[in-house]
Amino acid sequence: MNVDDDAKWLEWVTKQFENIAGEDKEINLEEFKTALKVKESFFAERFFTLFDSDGSGSISLDELLKALNLLTHGSETDKLRFLFQVYDVDGSGSIDPDELRIVLKSCLRESAISLPEEKLDDLTLALFESADKDNSGAITFEELKEELENFPEVMENLTISAANWLKPPTTEKHARQTPRYLTPAYWHNNIRKLLFMCCYILVNILLFTFAALKHTSSGGWVMLAKGCGQCLNFNCTFVGVLMLRRCLTWLRATWVVRVLPLDQHVLLHQLVGFAIFGLSVVHTIAHILNFGLLSQNGGTYQLWEYLFTTRPGIGWIYGTSSITGVILLLLIILMFICSSPFVRRSGHFEVFYWTHFSYIWVWALLILHGPNFWKWFVAAGFLFLMEKIVGIAVSRIGGTQVVEVNLLPSKVTHLVIKRLPFFHYKPGDYVYVNIPAIAKYEWHPFTISSAPEQQDTLWLHIRSLGQWTNQLYEYFRQPELLANEPKRLTINLRNKKHQMSAQEHLRNLAASNDSVATSKEDIVELTLYKSHMSCQNESFDDNIKLVGLDGPPLREVSTKLSDNHRYCNIKCYIDGPYGTPTRTIFTSEHAVLIGAGIGITPFASILQSIMYRYRMRKQNCPSCSYSWCEKVKDNEMSLRKVDFIWINRDQKSFEWFVSLLTKLEMDQADEEPQGRFLEMHMYMTSALSKNDMKALGLQMALDLLAKKENRDSITGLRTRTQPGRPDWRKVFQKIAEEKKGKVHVFFCGSPVLAKTIKAECEHFGFKFYKENFQ
């Protein structure tokens with residue numbers, strides 16, 4: 001914020017104060033929290049105490065403005081001293097370990113981070129031991145200042161105005177100088193879609209013009225109605241062509257994908273739907289107005305007879321055009337309303353699903369309604385029918401079973417499905433799933449989260465957001481499902497034997513004098529367990545050390561399956577696979593994968609497949625630690641660098657794929673001369689960002705402990721979890737500076753976030769792909 005922004009903010013604070021303060025012109029603690037919109041927290045109380053300079057238990061406007069002016073315009077030392085006073089709870093002039101622990105515990109609460117008490121102790125000691133330079137048992141102001149100098153980004157944040165520290169209402173963004181849709185970058189990145197849209201609009205204009213000119217003798221309203229009718233013949237056929245998923249998946253493997261915007265077929269389907277709605281309304285109104293003129297000019301029939309009877313004989317089949325037209329308009333309006341984002345994303349997906357089947361009646365009525373529609377529809381209708389027949393045949397032949405279920409945090413259901421021998425797919429593909437036990441006739445699309453190289457099973461991770469997905473989650477929570485487990489005793493005995501063997505192996509490691517795990521299998525297994533236990537907020541005892549991995553050792557492993565993990569044998573059917581934009585990822589040079597929340601699912605499959613192919617190309621020198629990738633021409637993968645960015649709201653969500661990410665890290669345990677092939681970046685949005693004063697101590701402690709243990713305290717990964725949201729401008733600037741080749745950005749997640757990322761990609765000239773399927 002600049003000086004003007006600070007002045008405006010202080011003016012806002014003054015108004016807030018005057019509105020809340022009573023006749024005494026002072027505010028108490030509760031009113032202080034309301035005035036500055038500070039959360040109920042330890043920090044709010046500390047701010048209030050420091051602002052109350054006379055210790056009266058209330059703050060006057062002068063006291064408040066004096067303190068805020070100091071923080072806004074004061075020197076770096078002034079701001080740092082204020083931070084020190086916040087941490088110095090007892091006002092003794094130094095910070096002892098217990099005071100620091102209280103502060104860090106409050107930081108964790110503010111950031112929605114849950115860690116065990118032992119881990120909180122570790123964080124406190126890591127920061128305290130680093131800051132207590134003279135080992136006196138207390139941190140002085142000078143020691144804190146010296147410690148902060150080791151964290152340049154923290155010192156930089158100390159210069160941020162108090163407006164950011166105390167979380168005021170966000171200021172409005174300045175409007176763009178040039179509309180985004182008029183920028184060269186936008187046209188460069190969307191050239192195929194824009195050319196296609198131009199051709200689509202031109203076709204509609206030509207159809208409308210030719211149809212209208214044929215009826216010039218019938219009057220303007222008839223010309224308008226006939227022009228719209230001819231456009232509807234085309235659009236009501238084309239809207240189905242855009243959803244021929246099998247044909248589109250096949251076209252993705254041909255040169256056509258470089259000419260037509262196949263990746264935007266869902267968006268184009270929606271746009272054509274809007275066009276159908278608009279043309280239908282105009283077509284109907286034009287006919288009504290024409291019928292009104294006919295009835296007023298001494299016509300044989302009244303307006304209602306034209307609209308709701310067959311007496312006028314309008315139409316090529318028993319004069320039913322008016323009646324079928326009214327029904328068609330009602331069906332199109334119903335489909336239009338139920339297809340809106342409000343319905344689909346408010347937990348009522350089934351409303352959209354079932355009303356969308358009205359397209360069958362719409363096509364049937366259009367054949368009766370217009371004499372020329374069947375000519376447009378015959379070829380496309382045949383392809384659509386063939387797709388449906390093939391889909392039904394393949395799905396029924398492809399009946400399989402859900403063999404394992406994991407119920408994950410945030411109501412995510414992880415299904416492990418038996419993979420049939422003839423089922424082949426590409427990373428990032430999706431399938432339609434039908435589970436008769438949940439809903440006999442409903443099919444829902446989900447991305448495959450396992451890699452094609454995984455031969456026996458395929459994975460689906462399903463977030464509970466609607467009626468069907470919630471029913472799925474609740475169904476597998478039922479204890480009575482245990483009675484249906486196949487060969488229950490055999491499976492349990494086999495698992496128990498395996499678990500006992502694993503426990504005995506780890507006990508031997510723990511009991512050995514050297515307490516060292518040397519094999520790669522030991523390292524991977526124990527590291528996965530460390531990551532899992534970290535996400536479960538468990539601590540570790542000093543029993544086992546991993547060669548090549550710095551970090552706290554493990555205690556005895558408990559391999560008991562949780563109540564949320566079970567084997568089963570539930571019948572299901574799969575229709576697919578269908579391709580997505582991510583199929584082009586292997587032809588990229590520098591790929592950036594961005595997943596928001598459960599949007600990681602397509603990238604889980606892709607990352608596994610990428611690392612499998614990478615291992616196939618990777619070579620190691622037998623006499624030294626040098627490693628490299630073969631430079632031979634690779635038609636399957638031309639990737640030189642992959643950046644994976646995962647954004648989650650809370651800590652629990654990282655449990656979904658923590659074991660997979662740990663394996664990927666282990667594949668790159670050794671640094672390579674040309675740099676890491678895969679870099680991971682984790683963000684937790686509920687955590688206070690580094691530009692919030694309340695988070696400075698916590699972020700320093702997490703950094704210190706991560707460096708000491710070589711793993712993140714939040715996820716258990718080597719990759720440090722960053723607080724807050726990414727600064728996309730900085731993220732993409734760093735990627736651009738690496739110069740690893742042409743950058744393609746693949747995103748799956750919130751549509752709102754997609755717009756932000758797409759705009760930044762256009763700024764840097766990156767190609768943007770959004771995962772979108774139905």
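This is a predicted model: local features need pLDDT of at least 70, side-chain atom pairs count only at pLDDT 80 or more; totals for chains, interfaces and linings use all residues.
Local features need pLDDT of at least 70 and side-chain atom pairs count only at pLDDT 80 or more, while totals for chains, interfaces and linings use all residues. Residues are numbered from 1 along each chain as its sequence is written, and side-chain values use heavy atoms, with hydrogens and water left out.

**Whole chain**

The protein chain has 29 helices and 18 strands. Both are DSSP runs numbered from the N terminus: helices are H or I with at least four residues, strands are E with at least two. Of its 774 residues, 51% count as buried. Buried means under 20% relative accessible area, exposed means over 50%, and partly exposed lies in between (1.4 Å probe, protein chains only). The chain exposes about 38100 Å². Carbon and sulfur atoms supply 58% of that area. Areas come from the Shrake-Rupley method with a 1.4 Å probe; for residues, only the protein chains shown count as cover. Among contacts with a separation of 6 or more, 70% join residues 24 or more positions apart. Contact means heavy atoms within 4.5 Å.

**Two helix pairs**

Axes are lines fitted to C-alpha atoms, for helices over the stretch in contact, and angles run from 0 to 180 degrees between N-to-C directions.

| Pair | Residues | Angle | Axis separation |
|---|---|---|---|
| α12 and α13 | 191-213 and 220-241 | about 140° | 7 Å |
| α6 and α7 | 97-110 and 117-131 | about 120° | 9 Å |

Angles under 35 degrees count as roughly parallel, over 145 as roughly antiparallel, 65 to 115 as roughly perpendicular and the rest as oblique. Helices α12 and α13 are therefore oblique to each other. Their crossing is right-handed. A crossing is right-handed if the near helix is turned clockwise from the far one by less than a right angle, and left-handed if anticlockwise. From α12, the contact residues include F196, Y200, V203 and L207. Those from α13 include M223, L224, C228, F234 and F238. By class, this contact has 13 nonpolar, four polar and one charged residues. Nonpolar covers Ala, Val, Leu, Ile, Met, Phe, Trp, Tyr, Cys and Pro; charged covers Asp, Glu, Lys and Arg; the others, Gly among them, are polar.

Helices α6 and α7 pack at an angle of about 120°, which makes α6 oblique to α7. The crossing of α6 and α7 is right-handed. P97, L100, R101, L104, K105 and L108 of α6 meet E117, L120, D121, L123, T124, L127 and F128 of α7. The contact of α6 with α7 divides into eight nonpolar, one polar and four charged residues.

E147 sits in helix α8 (residues 141-148). Its relative accessibility is 1%, so E147 counts as buried. Leaving aside neighbours within four places in sequence, E147 contacts S130, A131, K133, M700 and L704.

K388 lies in helix α21 (residues 373-397). K388 is partly exposed, at 38% relative accessible area. K388 and L244 are 144 residues apart in sequence, but their C-alpha atoms are 9.3 Å apart.

R583 belongs to the loop between β10 (565-578) and β11 (590-596). R583 counts as partly exposed because its relative accessibility is 24%. Not counting residues up to four places away in sequence, R583 touches T249, R252, K426 and D429. R583 and A253 are 330 residues apart in sequence and 9.0 Å apart in space, C-alpha to C-alpha.
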